[in-house]
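Here are a few exercises to work through with the model open beside you. Try each task before you read its solution.

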Amino acid sequence: MTSLAGKSVLLIIGGGIAAYKIHELIRLLKTRGARTRIILTKAAEEFVTPLSLAGLSGEKVYTHLFSLTDEVEMGHIQLSRAADLLVVAPATADLIAKMANGLADDLASTALLATDKRVLVAPAMNVRMWRHAATQRNIEVLKRDGVTLVGPNEGEMACGEFGPGRMSEPNEILSSIVELLKPRSQPLAGKKVVITAGPTREPIDPVRFISNHSSGKQGYAIAKAAVDLGAETILISGPVALLVPPGVQMIPVETAQDMLRACEAELPGDIAIFTAAVADWRVTAQATGKLKKSAGAPPSLTLTENPDILATISHHAARPRVVVGFAAETEHVTDHAIAKLKRKGCDLIVANDVSKDSGVFGGDRNTVHLVSDGGIESWPQMSKDEVAQRLMGRLVQTLVLRQKASE
Ligand code: PMT
């Protein structure tokens with residue numbers, strides 16, 4: 001039985017019938033030695049009482065955002081910061097919607113918005129509410145924000161319907177808590193990982209540019225996986241609309257030439273991963289003023305080849321120990337990747353099919369093939385987060401082997 005001694009959980013109870021199971025979760029947390037502080041939403045007070053929860057947890061139960069005494073004893077910001085983990089159970093459709101939209105109009109939602117800790121959500125609601133497009137959209141937002149979900153389970157509901165929507169059982173929620181509070185191994189502590197992500201923009205004139213469809217999702221997921229493994233993580237990013245994962249140092253760039261300069265400034269590192277979709281060409285002579293539409297022929301653009309960042313870093317005197325390129329292909333994916341591996345001089349190419357139907361550009365899933373001197377390894381389709389975690393796991397092994405070989 002894994003002990004949770006010394007760990008503190010902030011349990012946020014939403015207003016649903018499943019709240020009756022929460023007493024058992026508090027008891028289980030207590031037997032593991034965890035400290036459980038509790039916030040009740042107004043709706044939750046209709047299902048469970050602060051008195052019974054305080055009795056079980058041995059802690060004060062918080063209910064009001066504007067309570068002068070509570071705020072003096074322990075402000076709502078401190079309440080969420082003092083915890084190692086926030087658990088929302090039962091998470092009603094309404095509470096989930098508030099979280100997804102960053103609302104903060106009561107103590108529960110304010111604590112959730114103010115936290116910098118991991119959050120576990122145990123949804124519980126009617127099957128139709130769970131299946132509703134709005135709830136599913138909100139769940140996707142929470143996943144993207146890094147929230148972990150447990151359940152919901154399928155079964156008979158209190159309302160008499162059958163399907164997904166039942167809150168997970170207390171022992172299932174406890175297992176997720178134990179998993180999230182497990183000390184994480186940080187094999188990349190003291191190591192530096194440099195990642196490029198997103199597209200580059202090559203200006204035509206002050207208002208127009210050449211670019212591509214890269215969203216940066218795959219590169220940002222890799223940066224998150226690297227920082228989770230303890231690496232000093234530098235993310236050199238073209239223009240994207242993504243949040244920088246906590247702990248990652250992001251260096252914004254626009255053009256391929258900017259990106260190369262930023263990469264060189266970070267050398268030497270331990271691992272470099274080139275996920276960016278770098279424009280192969282730039283406009284040779286960028287117009288200083290906006291090109292005007294005239295009655296004559298449209299302007300013709302002369303292009304100059306951009307520097308190859310991956311090849312430059314792979315052949316650099318201060319080359320990182322492990323250099324990884326990506327290959328975005330629309331046909332003969334692995335054949336082109338093998339050619340790129342040789343041409344660019346990197347240790348590994350992660351090849352992916354970016355043809356229109358694949359949905360890889362801008363999507364949340366990817367199907368990759370790892371191409372190295374050792375052969376080709378194809379992974380099944382998975383989320384970009386999973387690709388990132390598995391790839392980083394693989395690169396940790398490669399780095400360790402390289403270090404041993406050089407000792
Ligand atoms: O950003 P997302 O929407 O999540 O999509 C992810 C992705 C499809 C962009 C990503 O998975 C991917 O495939 N990235 C590589 C895109 C690319 O430019 O591939 P390429 O085959 O053209 O280039 C091969 C390698 O050389 C890449 O590592 C690229 O970063 C690098 N390169 C290319 C040109 C150049 N001038 N300099 C480079 O360093």
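The exercises below go from the ligand site to the domains and then to the backbone.

This is a predicted model, where local features need pLDDT of at least 70 and side-chain atom pairs count only at pLDDT 80 or more, while totals for chains, interfaces and linings use all residues. Residues are numbered from 1 along each chain as its sequence is written, and side-chain values use heavy atoms, with hydrogens and water left out.

**Exercise 1.** Work out which residues and elements surround the ligand.

Step 1: You get 28, and the closest are Ser214, Ser215, Ala276, Lys340 and Asn352.

Step 2: Sort this shell by class, counting Ala, Val, Leu, Ile, Met, Phe, Trp, Tyr, Cys and Pro as nonpolar, Asp, Glu, Lys and Arg as charged, and the others, Gly among them, as polar. That gives 13 nonpolar, nine polar and six charged residues.

Step 3: Helix H10 (217-228), helix H12 (309-314), strand S17 (322-329) and helix H13 (333-344) supply at least two residues each. S17 gives the largest share, with four.

**Exercise 2.** Where do the domains lie, and how far apart are their C-alpha centres?

Step 1: Take the bounds from the automatic or database domain assignment: domain 1 is 8-181, and domain 2 is 192-286 + 298-406.

Step 2: Compare the C-alpha centres, which are 38 Å apart.

**Exercise 3.** Track down the cis peptide bonds and a positive phi.

Step 1: Gly151 and Pro152 are joined by a cis bond, omega about 5°. Pro152 falls in the loop between strand S6 (148-149) and strand S7 (153-156).

Step 2: Leu267 to Pro268 is cis too, with omega near -5°; Pro268 is in the loop between helix H11 (256-265) and strand S14 (271-274).

Step 3: His332, a residue other than glycine, has a positive phi near 45°, and His332 sits in the loop between S17 and H13.

Definitions and conventions
Near = heavy atom within 4 Å.
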